[in-house]
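Me: I'm new to reading protein structures. Could you walk me through a few features, one at a time?

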Amino acid sequence: MHAITKSGWVEVITGSMFSGKTEELLRRLRRAEIAGQDVAVFKPALDDRYGETTVGSHAGSQWDARVVPAEGEGIWTIVEDLNGQDVVAIDEANFFSADLVDVCEHLAADGRRVLVSGTDQTFRGEPFEPLPQLMATAEYVDKLQAICTVCGEPASRNQRLVDGDPAHADDATIVVGAEESYEARCRNCHTLRRD
Ligand SMILES: Nc1ncnc2c1ncn2[C@@H]1O[C@H](COP(=O)(O)OP(=O)(O)O)[C@@H](O)[C@H]1O
Ligand SMILES: Cc1cn([C@H]2C[C@H](O)[C@@H](COP(=O)(O)O)O2)c(=O)[nH]c1=O
Ligand SMILES: [Zn+2]
């Protein structure tokens with residue numbers, strides 16, 4: 001791929017839950033370190049599934065990360081916390097506000113390689129911002145597919161198995177979870193009904 005030059009760029013890794021986005025992100029980070037590049041990894045405070053300061057995959061791989069606010073001025077901590085790193089990775093981008101797009105643009109304009117990972121569809125099968133904006137402005141986009149848990153075909157959708165957080169409006173878009181709350185499904189097997 002691209003060598004590190006004066007100009008930076010943005011790579012988006014997206015797709016359904018369980019499609020291997022985090023594994024792919026960690027693979028690219030390992031390769032960057034082998035190439036002798038300094039990396040900085042960020043995640044939103046909201047997602048503590050694998051430990052507060054850990055980026056984790058469903059298969060168990062992990063990487064230490066710095067926790068940043070997912071919205072408001074605090075997102076810019078990603079820029080302020082850097083100390084000359086060539087590569088900046090941001091996992092769970094679907095939890096961030098639209099300001100993440102500006103942060104990524106800023107980092108790329110500053111000559112950095114920016115890796116962003118997040119699911120691109122809500123449990124309703126609708127675009128999950130800010131992924132669509134990031135995909136439009138990135139240089140590279142990889143959309144991965146999981147295996148549909150019902151029929152075994154490639155899966156691009158996220159089936160929610162539980163109700164939304166009762167503390168919020170029913171069916172809130174943001175509900176942190178993994179296998180206990182979500183399944184990967186194909187278009188035919190995805191449903192909005194509660195079975
Ligand atoms: N339905 C599924 N399809 C594919 N992989 C699955 C599925 N359910 C569990 N997995 C596991 O999840 C791993 C991918 O995890 P991860 O990288 O965290 O995915 P993502 O970040 O896209 O949610 C796979 O390598 C596999 O071990
Ligand atoms: C579809 C959907 C997902 N989420 C949450 C559930 C998980 O905590 C993350 C996605 O994690 P992964 O690394 O891609 O497996 O997003 C949500 O809050 N709302 C949704 O509609
Ligand atoms: Zn299916």
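Me: Is valine 176 buried, exposed or partly exposed, and why?

Reply: A residue is called buried if 20 or more other C-beta atoms lie within 10 Å of its own, exposed if 12 or fewer, and partly exposed in between, with C-beta atoms placed from the backbone. Valine 176 has 13 C-beta neighbours inside 10 Å, so it counts as partly exposed. This is a predicted model, where local features need pLDDT of at least 70, side-chain atom pairs count only at pLDDT 80 or more, and totals for chains, interfaces and linings use all residues. Residues are numbered from 1 along each chain as its sequence is written, while chains are lettered from A and ligands numbered from 1 in the order in which they are written.

Me: Where does valine 176 sit, and which residues does it touch?

Reply: Helices (H or I, at least four residues) and strands (E, at least two) are DSSP runs, numbered from the N terminus. Valine 176 falls in the loop between β11 and β12. Two residues are in contact if their C-beta atoms, placed from the backbone, lie within 7 Å. Leaving out residues up to four places away in sequence, valine 176 touches Leu46, Asp47 and Arg49.

Me: Which residues come closest to ligand 2?

Reply: Ligand 2 is surrounded by 16 residues, and the closest are Met17, Thr122, Phe123, Asn158 and Val176. There is also a record to look at: UniProt, in an unreviewed entry, places the feature "binding site" at Ile174, Val175, Val176, Gly177 and Tyr182. Its positions are given in the numbering used here, feature names are shortened, and annotations may be inferred rather than shown by experiment.

Me: What should I look for in backbone angles?

Reply: Most residues other than glycine have a negative phi, and most peptide bonds are trans. Here, phenylalanine 18 has a positive phi near 70°, and glutamate 92 has one of about 55°. Phenylalanine 18 is found in the loop between β1 (9-15) and α1, whereas glutamate 92 is in the loop between β6 (87-90) and α3 (99-109).

Me: Which residues does a cis peptide bond join?

Reply: That bond joins glutamate 129 and proline 130, with omega about 5°. Proline 130 lies in the loop between β7 (113-117) and α4 (131-137).

Note on methods. A residue is near a molecule or strand if its C-beta atom, placed from the backbone, lies within 6 Å of it.
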